[in-house]
Amino acid sequence: MTDASATTSTDIAHAISAIETSCEERGLSLTPLRKRVLELLLEAGGPVKAYDLLAALKPNGGAQPPTVYRALDFLTKAGLAHKVEALNAYTACSHGDHADQHTDDTAALFICGRCGSVEERHVPRVSGDGAPKGFRLERSVIEHYGRCADCA
Ligand SMILES: [Zn+2]
Ligand SMILES: [Zn+2]
């Protein structure tokens with residue numbers, strides 16, 4: 001995220017309401033906790049570790065770890081967030097407000113090894129070509145490691 005500071009609370013509110021509409025159309029239920037977790041990811045503007053999410057959620061209602069992990073599971077499966085395996089963290093999908101149009105895409109995450117920033121692009125699905133016979137592919141994430149433009 002090169003201009004994460006440009007993300008205002010108004011932008012986030014807009015993104016969330018677009019995501020809510022998209023979820024309704026897809027028949028997905030964005031519960032208050034799922035929505036709050038997504039808000040936290042959008043506010044962070046970059047990857048967030050699960051335990052930081054837990055800490056942020058503690059003051060209001062003290063969400064239990066399993067419920068937070070289930071919320072993250074829902075968000076990743078719905079294509080609204082991606083798990084960044086390399087950092088063991090989560091990031092809001094940059095296409096979350098129109099995730100329904102990206103169900104056949106592969107999310108490509110460009111991870112800077114120096115500052116830890118993650119830029120996301122969606123690319124036409126590539127990994128399905130080599131899938132074993134009979135394998136039903138649901139989603140793909142590719143992680144690219146290197147240096148971002150600021151750190152290169
Ligand atoms: Zn994405
Ligand atoms: Zn960097």
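Let's start with helix H2, residues 32–44. Its 13 residues, at 1.5 Å each, should span 18 Å, and the end C-alpha atoms do sit 18 Å apart, so expectation and model agree. The expected span here is 1.5 Å times one less than the number of residues. And when I say helix or strand, I mean a DSSP run, H or I of at least four residues for helices and E of at least two for strands, numbered from the N terminus.

A quick word on what you're looking at: this is a predicted model, where local features need pLDDT of at least 70, side-chain atom pairs count only at pLDDT 80 or more, and totals for chains, interfaces and linings use all residues. Residues are numbered from 1 along each chain as its sequence is written, while chains are lettered from A and ligands numbered from 1 in the order in which they are written.

Back to H2. Which of its residues are buried? They are Arg34, Val37, Leu38, Leu41 and Leu42. Buried means 20 or more other C-beta atoms within 10 Å of the residue's own; exposed is 12 or fewer, partly exposed is in between, and the C-beta atoms are placed from the backbone. Looking down the H2 axis, those buried residues fall within an arc of 140°, so they line one face of the helix. That arc is taken from the directions from the helix axis to the C-beta atoms. As background, an α-helix has 3.6 residues a turn, so residues three or four places apart point the same way.

What covers that face? The cover over H2's buried residues includes helices H1 (9–25), H3 (50–57) and H4 (65–77), plus strands E1 (48–49), E2 (81–84) and E3 (89–92). Contact, by the way, means C-beta atoms, placed from the backbone, within 7 Å.

Take H4 now. It packs on H2 at an angle of about 75°, with the axes 9 Å apart. That makes the two helices roughly perpendicular. The H2 side of the contact is Leu33, Arg34, Val37 and Leu38, and the H4 side is Thr67, Val68, Ala71, Leu72, Phe74 and Leu75. Axes are lines fitted to C-alpha atoms, for helices over the stretch in contact, and angles run from 0 to 180 degrees between N-to-C directions.

Then H1. Its axis and that of H2 come within 10 Å and cross at roughly 140°, so H1 and H2 are oblique to each other. The cut-offs: under 35 degrees is roughly parallel, over 145 roughly antiparallel, 65 to 115 roughly perpendicular, and the rest oblique. From H1, the contact uses Ile12, Ala15, Ile16 and Ile19; from H2, Lys35, Leu38, Glu39, Leu42 and Glu43. H1 itself has 17 residues that should span 24 Å, and its end C-alpha atoms are 24 Å apart, which agrees.

Now some backbone angles. Asn88 sits in the loop between E2 and E3, and it counts as exposed because it has 11 C-beta neighbours inside 10 Å.

Zooming out, the chain has four helices and six strands, in the order α-α-β-α-α-β-β-β-β-β. Of its 152 residues, 23% count as buried.

Notes:
Contact = placed C-beta atoms within 7 Å.
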